[in-house]
Amino acid sequence: MLDSFRREMIGCLPRLRRFALALTGDSEGADDLVQETCIRALSRVEQFRKGTRLDSWLFRIAQNEWIDRQRSLKARGQHIEIEDAPVISDAQSLSRMESGLALAEVSKSIAALPKELQMVLMLVCVDGRSYKEASDMLSIPTGTVMSRLARARQLLHRALYTGTGDTPPANEGGKNAISQ
Amino acid sequence: MQSPSDELLMAFADGELTGEERRAINKQINENPELAERLKVFVETREPILQLLTKAASQPVPDRIVALIQDYEPSRQPRSFKPSHLWKMIFGDATPWEIKPQIAAVGLLSACMVGYFASTILPASKLFTAPARNVDHQQVAGTFRLDSPLGAALTNTPSGNGVRLGANDAHSLTFQAVISFRNEDGRYCRQYSLRRPIGSGVDGIACRSADGWTDKIRVAAQKKSKPGYRPASRPDNNEIDAALTRMISGTALGFQEEKEAIKGLWEGN
């Protein structure tokens, strides 16, 4: 059982990494998040119900792990101040200019979305899932997927293209949050 | 005709409608420019993001993560420990009034536990003075110009001091200069660490080059390892320490020498 679970998990890694990239905004942070997600999943393997989707389960673990980190970050405060600009290599800067969208900006805007909107958006716009697939993965009606997705994309568009970024505070574990 | 809902427009943009629905929405969009504006929101929030992430995620998943999945043993996780477990471990099924001969065993066990904590917790506290320990993954980065954030930090930060790079959020990094020295070519080099607010970080050695600072080695700092997991590929030795030993010529710069080097932008060699 564990061996097949490991094999399936390894098969999910490229998509999990892409999912994590959208949350963290950089490859190092994404790999770190993927690693934590894998450790959590393996340490709770007995909680995984056979017949359910492993990818969906991993995505939820990753999302919850990320939200935990954000909470912890807010609680801890920060260190020393001197510089303002983030470390960005020239190659990255060029890539950003070419793509028009910066990964860090996209991830920040996604992170600011309420949790239930965030997951739908991630499945459709990051993982490339259809509405029906997202509905199955989240066990919610397709109509709910569509209404959440439309709202999420309006907020994301506002943040990315008009610069207003007036997304509501992220719903961290509220009653509508997706349980792990 | 009633204006289509946002959900319907979004489904049109995502190719989720049937042929007939598509034709109907298409006709409405052609007749109403305001609908085209609403549609733009959905067109611009899927394909560009998919493309951006596809490009960003093109690198293969690091081997260490695959190794982690293959090696990790969930059964090694520490179970919740109750005092009754300890009692049973030492005294078996004996009742409290039957244990006088075994009191010495308690003392011995206590000594072992103190020794265990001394060997695990105390070395961790040394991380504050030796941040380059415990590494598991290596990559060599590029060159940082003197006016780049990392280049400026390498140029201006005295050893033992730290600066934050980036905004005060999850993406920021804290730079710390660890030690400065000259390599065999006489160039100035600096060992440094970069840490995220939570989780990951890297340790590296960069040497002054004509264009700025060039990373000679950069190694992912080991996070606090999860109980029970230690990948077989993780080296026991410290790669940064080994690189430092290979590279250093003479001894590390003293306070005054480093001060002069900072003043001269580390150009002398």
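Visitor: Which residue of β5(B) stands opposite A177(B)?
Guide: Y192(B) stands opposite A177(B). This is a predicted model, in which local features need pLDDT of at least 70, side-chain atom pairs count only at pLDDT 80 or more, and totals for chains, interfaces and linings use all residues. Residues are numbered from 1 along each chain as its sequence is written, chains are lettered from A and ligands numbered from 1 in the order in which they are written, and side-chain values use heavy atoms, with hydrogens and water left out.

Visitor: What makes β4(B) and β5(B) a pair?
Guide: Two strands pair if DSSP finds at least two bridges between them. Eight bridges join β4 (residues 173-182) of chain B to β5(B), and the strands run antiparallel; therefore they count as paired. Strands here are DSSP runs (E, at least two residues), and helices are runs of H or I with at least four, both numbered from the N terminus.

Visitor: Why is β5(B) called mostly covered?
Guide: Seven of the eight residues in β5 (residues 188-195) of chain B are buried. Buried means under 20% relative accessible area, exposed over 50%, and partly exposed in between (1.4 Å probe, protein chains only).

Visitor: How do you know that the buried residues of α3(B) line one face?
Guide: The buried residues of α3 (residues 33-43) of chain B are L35(B), L39(B), V41(B) and F42(B). Seen down the axis, they fall within an arc of 140°, so they line one face of the helix. The arc is that of the directions from the helix axis to the C-beta atoms.

Visitor: Which exposed residues does the face turned away carry?
Guide: That face of α3(B) carries P33(B) and E37(B).
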